[in-house]
Amino acid sequence: MMTNDGACGQRQRLLVVANRLPVSAKKTGENWSLKMSPGGLVSGLLGVTAQLDTKWVGWPGVDVNNEVEKAALSKSLAEVKCIPVFLDEVFDQYYNGYCNGILWPILHHMELPQEDPHDTNKTFQTQYDAYKKANRMFLDVIVENYEEGDIVWCHDYHLMFLPKYLKEYNNNIKVGWFLHSPFPSSEVYKTLPSRSELLRSILRADLLGFHTYDFAGHFKSTCTRILGVEATHEGVVDQGRVTRVAVFPIGIDPDRFIRTCKLPEATQQINELKERFAGKKVILGVDRLDPIKGIPKKYLAFEKFLEENPNWRHKVVLVQIAVPTRNDVPEYRKLKDQVHGLVGRINGRFGSVSSLPIHHLDCSVDFSYLCALYAIADVMLVTSLRDGMNLVSFEFVACQEAKKGVLVLSESAGAAQSLGAGALLVNPWNVTEVSSAIKEALIMPAEEREKRYRVNFQYVYIHSAKKWGDDFMSVLDDTMAESEMQLRKIPHELPQQDMIQRYSQSNNRLIILGFNGTLTAPMSSQTKEMDLKLNSELKGTLRALCNDPKTTVVVLSRSGRDILDKNFGKYNMWLAAENGRFLKRSTGEWVTNMPQNMNLDWVNGAKMLNSGEHKQETCYNTYVEDQSLMHQLMLFEETILLKSMPLVRLRGQ
């Protein structure tokens, strides 16, 4: 449960930090006019804002260079609980450069763009520096407005350094971070410059949220392979600190769409659209004009459908809303030309003076008209090549109470894991498969359409944006509570002076030391077991302890006998290899402490699976070492150690 108790009965504060504020600012005369953007994060935090005093931190969407104007805009924004971050000169290299030019392609499984060797003012490094500086500017604004006990929720790939900066400022700040885009596989992510620094910065947050289990799994495996840290079902463990990783599929505000469809304006638009497309089935597409949305693939599939089904050529129309984005980027202008070329070709092949198979709009439409389009569509066609969630699918379902149309959904969209049960899932790269799905959707019996619609509508209605926000904040609250409990379980600090005094007075001392990480030389994530070496700085101290007749030293390690012999063979101590299965005085022979009557029938099969060239070829970063049942013996570690202790005590008697 979220806590909302603050000092003096005030509600606890939440700072929602995103690249953009949820408002549009426009200068009108001497004043600033503001318009709150509906949907998105605003809808997602409806439940949270009812319990917490919420303020928004982000770029206001306009460049303001005059300090007087900045103060005036800040004052206007404060009235709607918004705090601006003026990015000024770093914005272009931060946002258009590193965020959209480098991070965006990597996160969406695309190649990094080629660096222009002639443009020394805009390199990967200058964009990376601007990105870090922008994150610092966000931090500065947060620090100016932070009050003790505030929760900070950071959003998306624009702010990957912010969790680290926040924790460096105050390690007790409760920090959450949510990624609204996909997270790629480690094979793709590892091509990113400064990959490790970004991962470690994110891991400073208390809770990391992702849309799907696939994205969360990719993140955890990437941390394991690049940073060498441990991944568990709860999250990522780095040097004993756990960063919680959880899945929170975002949703929409379904009631807003349902209400809008019943308004007089929308009802009139619905009737007009029905009249315009009378006698035809309507396929709808609503996308940003972006390479990841797969609009060209959609048109190629529709073209193939018309080729193979001539009886449908004048009975179906594809209405595509293509919202322009980043028109200043050459790749996007090229995409626009490609799309327009396909529209012209298909309309030229299959259209007539009175009937065009594709209606393509290079613009956004107002909310009421969008809901009307959703409501009259027979099929919603989503062919994203890679998408974080794709809420267009949810919006379509929310508006389909009367029509109960069919959702054809790309399996590469995050929504496929939420709405897959009621949708026709397709591989967007397979034009033939998408074409077949279009036909299946158009001829689907009413009973099946009804069944699929009910399944998806129930999901959309229950898993709303409000539930998403509430769930994230609830888990963040639980995570912090668990962390505080863990801190209480940490033993009290060792009383050093008392320990030294007792050690000096005793005549029979036993010191048990680990090897890996305790006595070893500094290691990296790539250090292999066979390369472990005793830290040279500890050799003198260790030799002095071993030569003390009152002291017995035991090195206990998971490592094998050969490694311990190589490092400690010249020291007067006891060695326990493979978690205690083998024991010896450094000058003696190894003896085993296997529990009697242990069933070892499985050993030969396990050795076949784990030894030889096969394992080295199929398992990343492995080598062959015969460690005599180490993993099995870890189950018996306590028993083995208890049996070993009498042998160790012999020296002191």
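Tutor: A polar contact is a pair of N or O atoms within 3.5 Å; within protein, one must be able to donate a hydrogen and the other to accept it, and residues adjacent in sequence count only if both atoms are side-chain atoms. Thr243 makes one: its side chain reaches the backbone oxygen of Leu203 at 2.6 Å. Keep in mind that this is a predicted model, where local features need pLDDT of at least 70, side-chain atom pairs count only at pLDDT 80 or more, and totals for chains, interfaces and linings use all residues. Residues are numbered from 1 along each chain as its sequence is written, and side-chain values use heavy atoms, with hydrogens and water left out.

Thr243 sits in strand β11 (residues 241-247); helices (H or I, at least four residues) and strands (E, at least two) are DSSP runs numbered from the N terminus. With a relative accessible area of 2%, Thr243 is buried (under 20%; exposed is over 50%, partly exposed in between, with a 1.4 Å probe and protein chains only). Leaving aside residues up to four places away in sequence, Thr243 touches Leu203, Ala205, Asp206, Leu208, Glu234, Gly235 and Val236, where contact means heavy atoms within 4.5 Å.

Let's follow one of those neighbours, Asp206. Asp206 forms a salt bridge with Lys167, their closest N and O atoms being 3.0 Å apart (the term means a side-chain nitrogen of Lys or Arg within 4 Å of a carboxyl oxygen of Asp or Glu). Asp206 belongs to the loop between α8 (195-202) and β8 (207-210), and Lys167 to helix α6 (residues 162-169), so this pair ties together parts that are 39 residues apart in sequence. Asp206 counts as buried at 8% relative accessibility, and Lys167 is buried at 4%.

The structure holds 30 salt bridges, so let's visit two others. Lys293 pairs with Asp387, with 2.9 Å between the closest N and O atoms. Because Lys293 is in the loop between β12 and α12 (295-308) and Asp387 in the loop between β15 and α15, the pair joins parts 94 residues apart in sequence. Both Lys293 and Asp387 are buried. Next, Arg349 and Glu303 meet at 2.9 Å, N to O. Arg349 is in helix α13 (residues 330-350) and Glu303 in helix α12, which places them 46 residues apart. Arg349 is partly exposed at 44%, whereas Glu303 is buried at 5%. Salt bridges with shared partners join Glu303, Glu307, Arg345 and Arg349 into one network.

Burial also shows up along a whole helix. In α14 (residues 367-376), eight of 10 residues are buried, among them Leu370, Cys371 and Tyr374. The elements covering the buried residues include α10 (254-261), α11 (264-276), β12 (281-288), β13 (316-323), β15 (379-382) and α15 (392-398). At the start of α14, a side-chain oxygen of Asp366 comes to within 3.2 Å of the backbone nitrogen of Ser368.

Finally, a word on confidence. The mean pLDDT (the predictor's confidence in each residue, from 0 to 100) is 86, and 86% of residues reach 70 or more. Residues 612-626 fall below 50, and this stretch has 20 contacts in the model beyond near neighbours in sequence. Residues 629-653 also stay under 50, with 46 contacts beyond four places in sequence.
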